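Hello,

I'm passing a structure over to you, as promised. Please have a look at it first, and then read on for what turned up.

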Amino acid sequence: MKFKSILNSKNSSSKQLAVNLIAHLISFITGFLISFFLTPYVVEKVSEEAYGFVGLANNFIGYATIVTTALNSMASRFITISIHRDDYDKTNRYFTSLIFANIAMSVPLSIAGVFIVVFINKFVNVSDAIITDVRILWALLFANFILGLIFNVFSVATFSRNRLDLSSLRSIEANILKVAVLLFMFAAFKPSVWYLGLSAFLCGIYIIITNVFYTKKLLPFVKIKRSYFDKKLIGELVSSGMWNSLSHLSSTLSTGLDLLVTNLFVSSVAMGTVSVSKTVPTQILSVFATISSIFMPQFTISYAKNDFQDIKNQIDRSMKLLGFFACIPMAFIYVFGKEFYQLWVPSQNASVLQNLTILASLAFPFVLSLEPLWNIFTVTNKVKQSSLFLLFNSVVSVLTVFLLLKFTNNETIKMYIVVGVSSAVGVIRGITFLPMYGAKCLNFKLTAFYSVILKNLLAIVITTALMFLFKNFFQVDSWLKLMIAAAITAVLSCIVNSFIVLGKPEREFLRSKIMHIIKK
């Protein structure tokens with residue numbers, strides 16, 4: 001399909017939602033498959049210890065993002081509202097102000113990045129054998145972060161026009177570029193971990209170019225002029241976004257410090273193990289966050305038009321959609337996690353990896369179907385309370401981790417503590433604050449979303465129990481058998497969820513669609 005026809009297409013919101021969903025899922029599957037095949041390949045080529053520094057570098061970038069979130073996190077909301085209220089002058093002032101502010105912010109962050117790269121061995125434990133490669137890796141990842149920050153505002157274009165399918169297309173192309181670069185570098189030169197940084201840097205440049213292209217096509221009225229710079233708009237964005245920044249700090253304290261704490265208080269090798277074990281939970285959370293994010297542009301557009309009934313309808317639809325698929329990955333991890341790791345990374349301890357993965361995803365049964373609520377906090381500009389609650393949770397989590405680490409010298413138990421405590425706190429958040437405050441923001445009863453949580457838990461318990469029974473008659477010792485097990489888990493989960501998560505109208509709709517496909 002040509003770019004022109006893609007960009008000029010006009011779709012109803014429901015049709016565009018389907019297009020966005022399909023595109024996002026294809027993008028996610030592409031990224032997941034790349035990560036799935038590349039991770040064991042890279043670990044084998046550069047060692048588990050070296051691979052752990054990729055995740056640690058991204059964690060350090062996450063720390064820097066705490067600062068930038070205050071300015072940029074609410075940009076999509078305010079710009080989208082200005083566009084759909086036909087206030088193009090304000091749109092231009094937002095664009096220009098953000099670019100200049102991000103350039104100014106990038107200067108001290110660049111200086112800090114150079115300092116960290118030069119004195120990296122003063123901050124973390126890194127062996128002399130790989131220190132040069134790790135320095136180059138971190139330098140490239142930091143450079144990619146700075147460039148992404150400067151041009152961040154251009155990513156708003158696809159969001160504001162509800163064309164997230166275009167950003168998904170861009171992600172697919174970037175992932176293909178990543179694979180091409182890595183395969184070439186590993187084939188042509190001596191294996192090194194910094195190739196991952198190079199591929200990320202080149203992908204980042206490609207994403208910037210396509211974002212600028214989409215902005216010119218989707219928002220042709222946008223002009224960047226010095227005269228458009230407006231300090232008041234910067235203040236408006238920061239005053240709203242500072243609470244998201246606090247939320248990001250809270251997230252960093254609760255989960256983003258896992259690798260750093262493991263590196264400093266356990267070992268660099270243990271950090272590599274934790275990094276590998278968190279790959280699957282990160283991908284699971286990513287796909288559910290991705291699915292929930294496709295609703296956010298229409299949430300924002302409906303909010304700009306004061307159509308709250310439409311927002312409520314979309315919330316109900318999005319939660320049922322997420323709840324329908326939530327138990328598939330969880331049941332698979334609980335039942336076949338060990339077999340998966342034995343096949344995926346045979347040189348590692350599969351039992352430890354499965355246990356760490358289960359601990360890392362402990363809160364998922366409670367929160368996966370509620371992911372859209374985080375978008376509502378942003379759309380309604382009610383992020384203060386959620387930020388303060390998250391900060392309290394995170395402080396408790398960090399203090400608990402440091403306290404428990406003093407009671408053991410066993411490395412494996414220390415890893416369980418680092419990963420498990422933050423997830424346990426996430427469970428508490430998932431069954432208290434998130435459903436209750438989400439309901440309040442939408443003027444629902446405070447107990448409105450507990451039925452969603454209970455249905456999710458029931459579906460996961462039933463599916464997991466049935467798969468454990470199946471496992472007694474089906475030994476998984478090859479990739480083919482594992483894929484068969486995954487397929488059976490998915491089918492069984494969908495059958496269970498069609499009766500537990502979906503209501504009669506949704507079941508009838510699903511049945512009619514399946515029959516229509518069969519007749520064709």
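Is Ser199 buried or exposed? Ser199 is buried, with a relative accessible area of 0%; buried means under 20% and exposed over 50%, with partly exposed in between (1.4 Å probe, protein chains only). Ser199 sits in helix H10, residues 194-218, where helices are DSSP runs of H or I with at least four residues, strands are runs of E with at least two, and numbering starts from the N terminus. Apart from neighbours within four places in sequence, Ser199 touches Lys178, Val181 and Leu182 (contact means heavy atoms within 4.5 Å).

A word on the source: this is a predicted model, in which local features need pLDDT of at least 70 and side-chain atom pairs count only at pLDDT 80 or more, while totals for chains, interfaces and linings use all residues. Residues are numbered from 1 along each chain as its sequence is written, and side-chain values use heavy atoms, leaving out hydrogens and water.

Overall, the protein chain has 25 helices and zero strands. Of its 520 residues, 54% are buried.

H16 (residues 308-344) packs with H24 (residues 479-500) at an angle of about 160°, with axes 8 Å apart; axes are lines fitted to C-alpha atoms over the stretch in contact, and angles run from 0 to 180 degrees between N-to-C directions. That makes H16 roughly antiparallel to H24 (over 145 degrees). Residues that meet there include Phe324 and Ile328 in H16, and Leu482 and Ala486 in H24.

Best wishes

Notes
Parallel < 35°, antiparallel > 145°, perpendicular 65-115°, else oblique.
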